[in-house]
Amino acid sequence: MPKRSSHKSMLKRFLCFTLILVCIFCAFPSCAPKLMSEDALCRIYFLDVGQGDCTLIRTKAGDILIDAGPESAQDALCLRLKQLGVKEIALAIFTHPDEDHVGGADGALAQIPIREVWLPVREMDNPSAARMEQAIEKSGATRKNVRANEVRIIGDAVVATLAPLGNAANDSNDSSIVLRVTCGEVGMLFMGDASAKVEQKLVETYAQGHLSAQLYKVGHHGSSTSNTEAFLEVVKPTYAVICSSIDNSYGHPHGVVVERLQAIGATVLMTATAGEVVLECNKSAIWHIKD
């Protein structure tokens, strides 16, 4: 009899432990990677890294990372990538050397295998960028400094650089790699911190079809030094995502930019208020996934 009682007690403890694990799992659903819709070509995560940029584009053939947020969010970034089931990054693009875009890069490079890294054509001249450069060398990733017209195909995503045009700009923001990612008929535009001056050059250089996009990662965290009315009229996005922290010292996003986006009919999504922003697209449409 004592043995049977002992077995019952052990079984009860095991069931209680299992129930606790189930409750924890249900309480934090974001910890589990969510599957893409059956007809989806890619899923786009604008990760919440505070005052900084970090985007993960997942395709069925490989993952693409655009920027890595500030150093203060490095641990949270690496944890989130692992929670999402990221085992390897096919292509990492660090748009320019500012700390709020590359501060978490060395941590990502140390913890997750990255096949290829794109950097802008300018000197990396700050401690965050120096740590990133060392991490790239140590990781063995293929490193490439890119200008406009670089193209890479990863699964259903075509990644193309639109800028920097010509020689590297003196200003680090204006040296930003500007990206157009296309999945089927869906276009996405990622501006880095490019200013109004770069926007004007893009309009002068490319046909409207190269700049129009259903998804627009708003330039420079929604700063009014970017995102001019003339440029937004060309892009005409369905969704505009602003990456920033709440009550940041820069005042991002500037109210006038939000008003401009709303005036052209864009749905504005902000990591400062929504946290992580997730969208998905198939061959012809893009949609916002609401938890």
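These legends walk you through several close-up views of one predicted model.

Residues are numbered from 1 along each chain as its sequence is written. Because the model is predicted, local features need pLDDT of at least 70 and side-chain atom pairs count only at pLDDT 80 or more, while totals for chains, interfaces and linings use all residues; side-chain values use heavy atoms, with hydrogens and water left out.

**View 1. D63 sits in strand β3.**
Strand β3 covers residues 62–66; helices (H or I, at least four residues) and strands (E, at least two) are DSSP runs, numbered from the N terminus. Is D63 buried or exposed? With 5% relative accessibility, D63 counts as buried (buried means under 20% relative accessible area, exposed over 50%, partly exposed in between, using a 1.4 Å probe and protein chains only). Look for its partner R58: the two side chains are joined by a polar contact of 2.9 Å. A polar contact is a pair of N or O atoms within 3.5 Å; within protein, one must be able to donate a hydrogen and the other to accept it, and residues adjacent in sequence count only if both atoms are side-chain atoms. Leaving aside residues up to four places away in sequence, D63 touches L56, I57, R58, V86, E88, I89, A90 and L91, where contact means heavy atoms within 4.5 Å.

**View 2. Strand β2 (residues 55–59) is largely enclosed by the rest of the structure, because five of its five residues are buried.**
In a regular strand the side chains alternate between the two faces of the sheet. Here T55, I57 and T59 point one way from β2, L56 and R58 point the other way, and all are buried. A hairpin of two residues links β2 to β3, and five bridges join these antiparallel strands. At one spot, T59 stands opposite G62 of β3.

**View 3. Y45 has bridge partners in two strands: L56 in β2 and V278 in β14.**
Strand β1 (residues 42–46) runs antiparallel to β2, with five bridges joining them. Five bridges also join β1 to strand β14 (residues 277–281), again antiparallel. Two strands pair if DSSP finds at least two bridges between them.

**View 4. Eight strands form an open sheet with mixed pairing.**
Follow the order β6-β5-β4-β3-β2-β1-β14-β15 across the sheet. The edge strands are β6 (142–146) and β15 (286–288), each pairing on one side only. Ignoring direction, neighbouring strands of this sheet are turned by 20° against each other on average. Helix α5 (residues 127–139) packs on the sheet and touches β5 (114–120) and β6; the directions of α5 and β5 make about 145°. Axes are lines fitted to C-alpha atoms, for helices over the stretch in contact, and angles run from 0 to 180 degrees between N-to-C directions.

**View 5. A cis peptide bond runs from A163 to P164, and another joins H252 and P253.**
Omega is near 10° for the bond from A163 to P164, and P164 lies in the loop between β8 (157–163) and β9 (178–183). For H252 and P253, omega is about -5°. You will find P253 in the loop between β12 (239–242) and α9 (255–263).

**View 6. N149 has a positive phi, and N227 has one too.**
Neither is glycine: phi is near 80° for N149 and near 60° for N227. N149 lies in the loop between β6 and β7 (151–154) and is exposed, with a relative accessible area of 63%. N227 lies in the loop between β11 (215–217) and α8 (229–235) and is buried, at 0%.
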